[in-house]
Amino acid sequence: MIKKTIFFFFVFKSIFLYSSNPLPKDSLTGNFDLGLNFTKNTETTFQFNNISLLKYQKGKSSLSFGNNIAFISKTGESELLNKGMQDFKYALNLKKIDINFTLNHTYDISRSIKHRYGTGLGITYNLTDKDDKKIGFGVSAIREKNIPLKGEEKLQNRMSGNFDLLFKLNKNVSLTTSNLYQPNIEAVGDFRWQTNLSLRISLYSHFALSINSIFNYDSFPEEGIPETDYQLINSISYTF
C-alpha cells in the first residue's frame, strides 16, 4: 500500500510539473509592412520602404528573419539612395533566458557602407514576457566585416548590448522600442548606437498603421559622413 501511494505521488507530481511548464506550441507568425512616401517642394523626393518579419517557433527553439529595405529617389540625382538590413536569428528559450545566434547584413549608400556582415552569439534575459508587456535586455559578442564604398575592408570585434520594450496601450495600439549599443572592444571611443521606435495602430482585422523611426549614431563614421542618421517610415502593415 505504501509503495503504491509513493508511486502515485511521483506520477501525480510529474504530471503537475509538466502541465505547469508546457512547451511552447509550434507557430508561424510575422508581418509585412509597405510604405510609399512622396514629397514635392523645392525638390521632389520619392521613398519606398518595406519592413518584414517572419518567425517560426518549434518547442523551445525559434527562428526569425527580418528584412528592412528603402529606396529613395531625389530630384537631380540619377542614382537611388539604397539602404537596408537583413537579420537572421536562432534562439533557444530556457524560461526567462534565451541563448541566441545571429547573422546580419547591412548596406547603406548614405553612410558609405557597401556591405557589413556580422555574426553574433549571446544571451537575453526576459524580465517580463506577457502579451501586453515585454521587457528584455541582453549582451552578445560580434565578429564583424565592414566593406566601405571606398577604402579597405575592416574586421572588428564588438560587444553588443540591447534593451527592448513592448507595451500595448490598449487592444488596438502598441508601442515598441529597441535600443542597441555596440562598442569596439579594440578601440576606445569607437561605438555605435541605434534606437528603433515603432507605433502600431490596428485598423481592421490583420491590417495596421505602422509608424517607425530609426536613429543611428556612429562615433567613427567614414570620412565625409555625418555621425547621425535618422529615418521615418510610415506604412500599412499586414500581420499573420
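**Buried charges, a pocket and salt bridges**

Biologist: Is Arg 111 buried or exposed?
Modeller: In this predicted model, Arg 111 has a relative accessible area of 17%. Residues under 20% count as buried. Arg 111 therefore counts as buried.

Biologist: Where along the chain does Arg 111 lie, and which residues does it touch?
Modeller: Arg 111 belongs to the loop between strand 5 (97-108) and strand 6. Leaving aside residues up to four places away in sequence, the residues that Arg 111 touches are Thr 106, Asn 216, Glu 222, Ile 225 and Asp 229.

Biologist: In what order do the elements of the chain run from the N terminus on?
Modeller: The chain has one helix and 12 strands. Of its 240 residues, 34% count as buried. Residues 24 or more positions apart account for 45% of the contacts with a separation of 6 or more. From the N terminus on, the order is α-β-β-β-β-β-β-β-β-β-β-β-β.

Biologist: Which residues lie nearest the centre of the second largest pocket?
Modeller: This pocket holds about 260 Å³ of space. Strand 6 (113-129), strand 8 (154-168), strand 11 (207-218) and strand 12 (228-239) each supply at least two residues of its lining. Of the 22 lining residues, those nearest the centre are Arg 116, Asp 218, Phe 220, Pro 221 and Glu 222.

Biologist: How many residues of that lining are charged?
Modeller: The lining of the second largest pocket consists of 22 residues. Six of the lining residues are nonpolar and five are polar, and the number of charged ones is 11.

Biologist: Which parts of the chain does the salt bridge between Glu 144 and Arg 158 tie together?
Modeller: The closest N and O atoms of Glu 144 and Arg 158 are 3.5 Å apart. The two residues are 14 positions apart in sequence, so the pair ties together strand 7 (residues 133-148) and strand 8.

Biologist: Are Glu 144 and Arg 158 buried or exposed?
Modeller: Glu 144 has a relative accessible area of 6%. For Arg 158 the value is 2%. With the limit for burial set at under 20%, Glu 144 is buried, and Arg 158 is likewise buried.

Biologist: Which residues are joined with Asp 190 into one network of salt bridges?
Modeller: Asp 190 forms a salt bridge with Arg 158, the closest N and O atoms being 3.3 Å apart. This pair links distant parts of the chain, 32 residues apart: Asp 190 lies in the loop between strand 9 (173-183) and strand 10, and Arg 158 in strand 8. Asp 190 is buried, with a relative accessible area of 7%. Through shared partners, Asp 190 is joined in one network with Glu 144, Arg 158, Arg 192 and Asp 218.

Biologist: How far apart are the closest N and O atoms in the salt bridge of Lys 145 with Glu 153?
Modeller: The structure holds 11 salt bridges. In this pair, Lys 145 is partly exposed, at 32% relative accessible area, and Glu 153 is partly exposed at 47%. The closest N and O atoms of Lys 145 and Glu 153 are separated by 3.7 Å.

Biologist: What is the phi of Ser 205?
Modeller: Most residues other than glycine have a negative phi. Ser 205, found in the loop between strand 10 (191-204) and strand 11, is exposed at 61% relative accessibility. Although Ser 205 is not a glycine, its phi is positive, at about 50°.

Biologist: What is the phi of Lys 95?
Modeller: Lys 95 lies in the loop between strand 4 (81-94) and strand 5. This lysine is exposed, with a relative accessible area of 77%. Its phi is positive in a residue other than glycine, near 55°.

Note on methods. Residues are numbered from 1 along each chain as its sequence is written. This is a predicted model: local features need pLDDT of at least 70, side-chain atom pairs count only at pLDDT 80 or more; totals for chains, interfaces and linings use all residues. Side-chain values use heavy atoms; hydrogens and water are left out. Helices (H or I, at least four residues) and strands (E, at least two) are DSSP runs, numbered from the N terminus. Buried means under 20% relative accessible area, exposed over 50%, partly exposed in between (1.4 Å probe, protein chains only). Contact means heavy atoms within 4.5 Å. On a 1 Å grid over the protein atoms alone, a cavity is a set of points where a 1.4 Å probe fits but cannot get out, and a pocket is an open set with protein on both sides within 12 Å along at least five of seven lines; lining residues have an atom within 4 Å of a point. Grid points are joined across faces, edges and corners, and a volume is the space filled by probe spheres set on the points. Ala, Val, Leu, Ile, Met, Phe, Trp, Tyr, Cys and Pro count as nonpolar, Asp, Glu, Lys and Arg as charged, and the others, Gly among them, as polar. A salt bridge is a side-chain nitrogen of Lys or Arg within 4 Å of a carboxyl oxygen of Asp or Glu.
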